[in-house]
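Reader: I would like to go through this model feature by feature. For each one, give me the general idea and then the case at hand.

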Amino acid sequence: MELGERLRSQWSESAQDWIDADQAVRTGMLDRWMLESLGDVGGKTVIDIGCGEGRFSRLLSKLGATVTGIDLTEAFIERARFTSANETYIVGNAEDLHGIERDAFDLAVSYIVLVDLLDFRSAVNAAYRVLRPGGRFVICNIHPMRSSVSDGWIKQGDKKLFYPVDNYTDEGPREFTWFDRTFINMHHTLSSYISSFLGAGFALRALQEPVPCEEELAANPTFDDEYRIPNFIIYVLEKPDS
Ligand SMILES: C[S@@+](CC[C@H](N)C(=O)[O-])C[C@H]1O[C@@H](n2cnc3c(N)ncnc32)[C@H](O)[C@@H]1O
């Protein structure tokens, strides 16, 4: 199967595993960073690009946003429609956002999705198109320092010695095993991401490398790895007012 097809189909069989997976790092740390980056979402229109089964869309909706979730994996969208009442969920491709009108949203969110895309640049351009001038695009992604090598920590027994960064400039697919299946994440350099954001027309308002606060660390002691090598990165982009 060619790479694009593998990327587009890899979640279909694993949708339930993702829904059942441990969400501690998202609920116990990342959500806070994402919500702070988004600011007050009350009364705002939001598109959640690659929404999965709608967990974060529901959270935003509860905070008063009008949310449209879009995802390529039908199994996720079916589940999202089943568990939600006030949000709109559609099957669609982040790489074109076909059928979504220009300037339609105050905010766009992409929560650990860019690594799944063959062509993240097209997705960035598409998000720019559907945001209104002055609108913000908040992206959480796997950190490029982390995505260059997918094999994980170099260990001595149980002791984590270090997490290697290697072949950093060799952009492309990295295979890893998750729930006994081979998955692919696309690796790109930090400069590729930033260039694509600026090239699309966005201004970069903030770049964050999330770490847990004291209470989050106390609740989830394994989060102390986030101080050793960042797992995630958050980009806060703004479409300039025309
Ligand atoms: C790691 S999951 C994250 C899901 C969700 N954002 C969350 O936080 O739970 C990646 C998601 O990207 C979706 N996805 C992958 N390729 C896509 C594409 N080309 N267009 C839209 N969604 C895509 C997958 O179906 C999956 O739901």
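Reader: Where is Asp96 found?

Author: Asp96 is in the loop between E3 and E4. Keep in mind that this is a predicted model.

Reader: Is Asp96 buried, exposed or partly exposed?

Author: The general idea is to count neighbours: 20 or more other C-beta atoms within 10 Å make a residue buried, and 12 or fewer make it exposed. Asp96 has 14 other C-beta atoms within 10 Å, so it is partly exposed. Leaving aside neighbours within four places in sequence, Asp96 is in contact with Ser122 and Ala126. As for Asp224, 128 residues apart from Asp96 along the chain, the two C-alpha atoms are separated by 38 Å.

Reader: What is the phi of Leu97?

Author: Phi of Leu97 is near 45°, a positive value in a residue other than glycine. Leu97 also lies in the loop between E3 and E4. Leu97 is buried, because 23 other C-beta atoms lie within 10 Å.

Reader: And what should I read from Asp180, also not a glycine?

Author: Asp180 has a positive phi of about 65°. The residue is found in the loop between strand E8 (172–178) and strand E9 (181–187). With 7 other C-beta atoms within 10 Å, Asp180 is exposed.

Reader: Now the sheet. In what order do the 7 strands stand?

Author: The order is E3-E2-E1-E4-E5-E11-E10, in an open sheet with mixed pairing. E3 and strand E10 (203–208) stand at the edges with a single partner strand each, so one side of each has no neighbour in the sheet. Direction ignored, neighbouring strands are turned by 15° against each other on average.

Reader: How many residues of E1 and E4 are buried?

Author: In a regular strand the side chains alternate between the two faces of the sheet. In this model E1 has 4 of its 5 residues buried, and E4 has 6 of its 7 buried. Both strands are mostly covered.

Reader: What packs on the sheet?

Author: Helix H6 (residues 120–130) does, touching strand E1 (45–49), strand E4 (105–111) and E5. The direction of H6 makes about 150° with that of E5. H5 lies across E2 and E3 and runs at about 165° to E3.

Reader: How do I read the sides of a helix such as H5?

Author: An α-helix has 3.6 residues a turn, so residues three or four places apart point the same way. In helix H5 (residues 74–83), Phe76, Ile77 and Ala80 are buried. They cover an arc of only 95° around the axis, which puts them on the same side of H5. The face turned away from that buried side carries the exposed residues Glu74 and Phe82.

Reader: What do the buried residues of H5 pack against?

Author: They pack against helix H2 (15–20), strand E2 (66–71) and strand E3 (88–91).

Reader: Where does Leu217 lie, and which residues is Leu217 in contact with?

Author: Leu217 lies in helix H9 (residues 214–219). Apart from neighbours within four places in sequence, Leu217 is in contact with Pro212, Phe223 and Asp224. Leu217 is partly exposed, with 17 other C-beta atoms within 10 Å. The C-alpha atoms of Leu217 and Met29 are separated by 8.8 Å, although these residues are 188 residues apart along the chain.

Reader: Last, the ligand. How many residues surround the ligand?

Author: The ligand is surrounded by 20 residues, of which Gly50, Gly52, Leu72, Thr73 and Ala94 are the closest. By class, the shell divides into 11 nonpolar, 4 polar and 5 charged residues.

Key. Residues are numbered from 1 along each chain as its sequence is written. This is a predicted model: local features need pLDDT of at least 70, side-chain atom pairs count only at pLDDT 80 or more; totals for chains, interfaces and linings use all residues. A residue is near a molecule or strand if its C-beta atom, placed from the backbone, lies within 6 Å of it. Ala, Val, Leu, Ile, Met, Phe, Trp, Tyr, Cys and Pro count as nonpolar, Asp, Glu, Lys and Arg as charged, and the others, Gly among them, as polar. Helices (H or I, at least four residues) and strands (E, at least two) are DSSP runs, numbered from the N terminus. The arc is that of the directions from the helix axis to the C-beta atoms. Two residues are in contact if their C-beta atoms, placed from the backbone, lie within 7 Å. Two strands pair if DSSP finds at least two bridges between them. Axes are lines fitted to C-alpha atoms, for helices over the stretch in contact, and angles run from 0 to 180 degrees between N-to-C directions.
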